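Please read this briefing alongside the sequence and the coordinates. The points are grouped by topic and follow a few lead sentences.

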Amino acid sequence: MKPLVQAFLTIFIVAFALMYGASYWNSSQGYTGDHTLTIYNWGDYIDPDLIAEFEEQSGTKVIYQTFDSNEAMMTKISQGGTTFDVAIPSEYAISKMKEDNLLLPLDHSKLPGLVNIDSRFMNLDFDPGNEYSVPYFWGTVGIIYNPELTGDITFTSWNDLWSDKLRNQILLLDGAREVLGFSLNSLHYSLNDTNEDHLQQAKKKLQTLTPNIKAIVGDEIKMLLANEEAAVGVVWSGDAAEIMDENDKLDYVVPDEGSNVWFDNMVIPKTAKNLEGAHAFINFMLDPEIAARNAEYVGYSTPNKLAIPFLPEEVSGDKRFYPDPELTDKLEVYQNLGKRMLSHYNELFLEFKMHKK
Ligand code: SPD
């Protein structure tokens with residue numbers, strides 16, 4: 001073979017090998033083309049049938065991954081090396097991700113279903129004009145309890161959790177903002193407080209709750225409470241609704257000192273590869289019947305006002321899970337407290353968890 005032909009052949013073979021290798025590496029890392037959509041959501045937070053329906057309707061293959069806290073989700077997205085097309089953070093995380101330039105602005109012309117959302121959930125402070133996010137579910141943080149096991153405790157105050165009658169009876173959801181938040185509220189401080197003395201008081205007060213805490217857990221909190229393995233839980237309202245669907249002896253209350261009202265919205269992270277697919281999926285989830293099916297399956301409250309008529313009256317009419325603005329206006333939304341303070345909340349929560357062990 002002539003040297004020139006040999007050189008061309010070698011270049012061709014090396015180039016082909018590199019292209020093939022890159023495409024294999026990309027697909028194994030989730031770097032995929034227009035026919036796949038990578039979704040990053042909380043665990044137990046979608047009806048899996050809806051994913052299958054979206055795949056069939058759109059001809060898109062969905063790669064679905066889950067996280068269990070806003071902090072874990074933000075770390076993973078900011079580290080890079082992933083291509084999540086759609087993610088579902090909560091409000092303070094959305095504000096932080098915007099600040100860190102981790103989100104893409106949405107193309108509202110591709111989201112005609114946005115008009116289905118109740119105006120109460122649009123244009124909130126963390127995302128004016130919904131430039132970056134579309135409401136998915138919303139709710140509160142409160143106490144679920146089994147009156148057969150807790151007797152005459154009413155749980156109208158966060159301080160009821162400290163009752164001597166609740167030794168080893170309480171399950172806490174594993175969230176830094178939620179747990180420090182209720183301790184701050186029990187002291188009549190804001191759950192967005194940044195005063196160091198108040199935060200230390202909140203941590204110390206949590207440490208005195210240790211004898212009553214059975215465990216700090218993730219999604220398994222639902223199964224444990226429904227099976228009556230503990231009498232009380234501090235939970236997100238949607239988890240309470242799902243637990244009470246399994247075991248109707250339990251009740252859910254938002255204590256009088258106040259609590260958190262939260263919003264989980266769909267966003268398109270900066271590293272998305274399939275923008276068309278991401279918009280198509282978000283718009284699919286905005287369909288009233290789809291949103292209602294998702295809300296019934298997951299147990300959380302939908303912000304989609306056209307979905308409400310598709311829900312059974314006992315679900316949409318339950319004020320514990322669809323509270324009026326008169327209640328929610330009195331509750332606090334978690335603020336983006338900035339990188340340093342958010343890390344500090346996490347550290348305090350870890351210190352409390354270590355103390356419990
Ligand atoms: N199964 C987990 C559901 C997640 C709910 N998000 C709660 C928002 C927290 N701020």
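Leaving aside residues up to four places away in sequence, histidine 355 touches Gln207 and Thr210 in this predicted model.

**Exposure of histidine 355**
- Histidine 355 has a relative accessibility of 42% and therefore counts as partly exposed, since that class lies between the buried limit of 20% and the exposed limit of 50%.

**Helix H6 and the residue after it**
- Helix H6, made up of residues 176-186, is mostly covered, with 11 of its 11 residues buried.
- Histidine 188 follows H6 and has a positive phi, near 65°.

**Positive phi in two loops**
- Most residues other than glycine have a negative phi.
- Aspartate 44, a residue other than glycine, has a positive phi near 55°, and it is found in the loop that runs between strand S1 (36-42) and helix H2 (48-58).
- Because its relative accessibility is 47%, aspartate 44 counts as partly exposed.
- Asparagine 130, also a residue other than glycine, has a positive phi near 45°, and its place is in the loop between helix H4 (91-99) and strand S4 (134-145).
- Asparagine 130 counts as buried because its relative accessibility is 2%.

Notes:
Residues are numbered from 1 along each chain as its sequence is written. This is a predicted model: local features need pLDDT of at least 70, side-chain atom pairs count only at pLDDT 80 or more; totals for chains, interfaces and linings use all residues. Side-chain values use heavy atoms; hydrogens and water are left out. Buried means under 20% relative accessible area, exposed over 50%, partly exposed in between (1.4 Å probe, protein chains only). Contact means heavy atoms within 4.5 Å. Helices (H or I, at least four residues) and strands (E, at least two) are DSSP runs, numbered from the N terminus.
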